Amino acid sequence: MKLYTYWRSTTSYRVRIALNLKGVPFESHPVNLVKGEQRSAEYQAMNPGKGVPVLELEDGTTLSQSLAILDYLDRTYPDPALLPADPIARAKVMAAAHVIALDIHPVNNLRVVQHLDGMGHSKADSVGWMVHWMNEGLTAFQAMLPRGTRFAFGDTPTLADICLVSQLYNGHRWGVDMTPFARLTEIEETCLALPAFADARPEAQPDAE
């Protein structure tokens, strides 16, 4: 498998974690988003959405959108499962994961921030925008968690933990005050103690700058 990725992409980070958790070997193929490599004709032929990640399977099939890729991996490599089997527990994990993947990430995406810059907003405005939406989403995420669990929803990591850890990377990067999110940073520390999470960290990637 080939994973088209960017070291600081939180969506790529999600997929790297899942591949590691499931023990699926892959080749990392960096796509520099800052330099605009995702807008090349060759890359757009693989992913018209002009984003990362893209997972290329052994037969040449390409999959895009991190949540779709994670669903594929969970169905194809079911152990360990990223979602509980119980329908209600599954829905609760998905809802928390979606707070990050669908509420926070889309409005903090690089292309959104670049558009804000292009509209004349200052760097401080753009950072303030990102921090605001991260605070909103992380507050909601934390309130959705059960008490007394090692990971977000139990004693093993799930889709919610994968989305959380990758988003907290951005939170630390852009100066989110983590004081109100002690439960989340505890989960983050627990996750990053696992090689599957630690090896997927942006700083550990071959294209890290």
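This is a predicted model: local features need pLDDT of at least 70, side-chain atom pairs count only at pLDDT 80 or more; totals for chains, interfaces and linings use all residues.
Me: Is Ser 12 buried or exposed?
Reply: The cut-off needed here is that buried stands for under 20% relative accessible area. Ser 12 has a relative accessibility of 0%, and therefore counts as buried.

Me: Are H1 and H4 roughly parallel or antiparallel to each other?
Reply: Helix H1, residues 10-21, packs with H4 at an angle of about 160°, and their axes are 12 Å apart. Angles over 145 degrees count as roughly antiparallel, whereas those under 35 count as roughly parallel. The two helices H1 and H4 are therefore roughly antiparallel.

Me: How many charged residues are there in the contact of H1 with H4?
Reply: On the side of H1 the contact is made by Thr 10, Thr 11 and Arg 14, and on the side of H4 by Ile 100, Ala 101 and His 105. These residues divide into 2 nonpolar and 3 polar, and the number of charged ones is 1.

Me: By what distance are the C-alpha atoms of Ile 104 and Leu 138 separated?
Reply: Ile 104 has its place in helix H4, residues 87-108, and is buried, with a relative accessible area of 1%. Leaving aside neighbours within four places in sequence, Ile 104 is in contact with Val 99, Trp 133, Met 134, Gly 137, Leu 138 and Gln 167. Although Ile 104 and Leu 138 are 34 residues apart along the chain, the separation of their C-alpha atoms is 8.4 Å.

Me: Is the crossing of H6 and H7 left-handed or right-handed?
Reply: Helix H6, residues 123-143, packs with helix H7, residues 159-173, at an angle of about 150°, with the axes 12 Å apart. That angle makes H6 roughly antiparallel to H7. As for the sense in which they cross, the crossing of H6 and H7 is left-handed.

Me: Which residues in H7 are met by Met 134, Leu 138 and Phe 141 in H6?
Reply: The residues of this contact divide into 6 nonpolar, 3 polar and no charged. From H6 come Met 134, Leu 138 and Phe 141, and the residues they meet in H7 are Ala 160, Leu 164, Gln 167, Leu 168, Asn 170 and Gly 171.

Me: What is the omega of the cis peptide bond from Asp 79 to Pro 80?
Reply: Pro 80 lies in the loop between helix H3, residues 66-76, and H4. The peptide bond that leads from Asp 79 into Pro 80 is cis, with omega near 0°.

Me: What is the omega of the cis peptide bond from Val 52 to Pro 53?
Reply: Pro 53 lies in the loop between helix H2, residues 41-46, and strand E3, residues 54-56. The peptide bond from Val 52 to Pro 53 is cis, with omega near 5°.

Me: What is the phi of Lys 50, a residue that is not a glycine?
Reply: Lys 50 is found in the loop between H2 and E3, and is partly exposed, with a relative accessible area of 34%. Although Lys 50 is not a glycine, its phi is positive, at about 55°.

Me: By what distance are the C-alpha atoms of Pro 30 and Asp 207 separated?
Reply: Pro 30 has its place in strand E2, residues 27-30, and at 41% relative accessibility counts as partly exposed. Beyond its neighbours within four places in sequence, Pro 30 is in contact with Thr 5, Glu 37 and Asp 207. Pro 30 and Asp 207 are 177 residues apart along the chain, yet their C-alpha atoms are separated by 6.3 Å.

Notes: Residues are numbered from 1 along each chain as its sequence is written. Side-chain values use heavy atoms; hydrogens and water are left out. Axes are lines fitted to C-alpha atoms, for helices over the stretch in contact, and angles run from 0 to 180 degrees between N-to-C directions. Helices (H or I, at least four residues) and strands (E, at least two) are DSSP runs, numbered from the N terminus. Angles under 35 degrees count as roughly parallel, over 145 as roughly antiparallel, 65 to 115 as roughly perpendicular and the rest as oblique. A crossing is left-handed if the near helix is turned anticlockwise from the far one by less than a right angle, and right-handed if clockwise. Contact means heavy atoms within 4.5 Å. Ala, Val, Leu, Ile, Met, Phe, Trp, Tyr, Cys and Pro count as nonpolar, Asp, Glu, Lys and Arg as charged, and the others, Gly among them, as polar. Buried means under 20% relative accessible area, exposed over 50%, partly exposed in between (1.4 Å probe, protein chains only).
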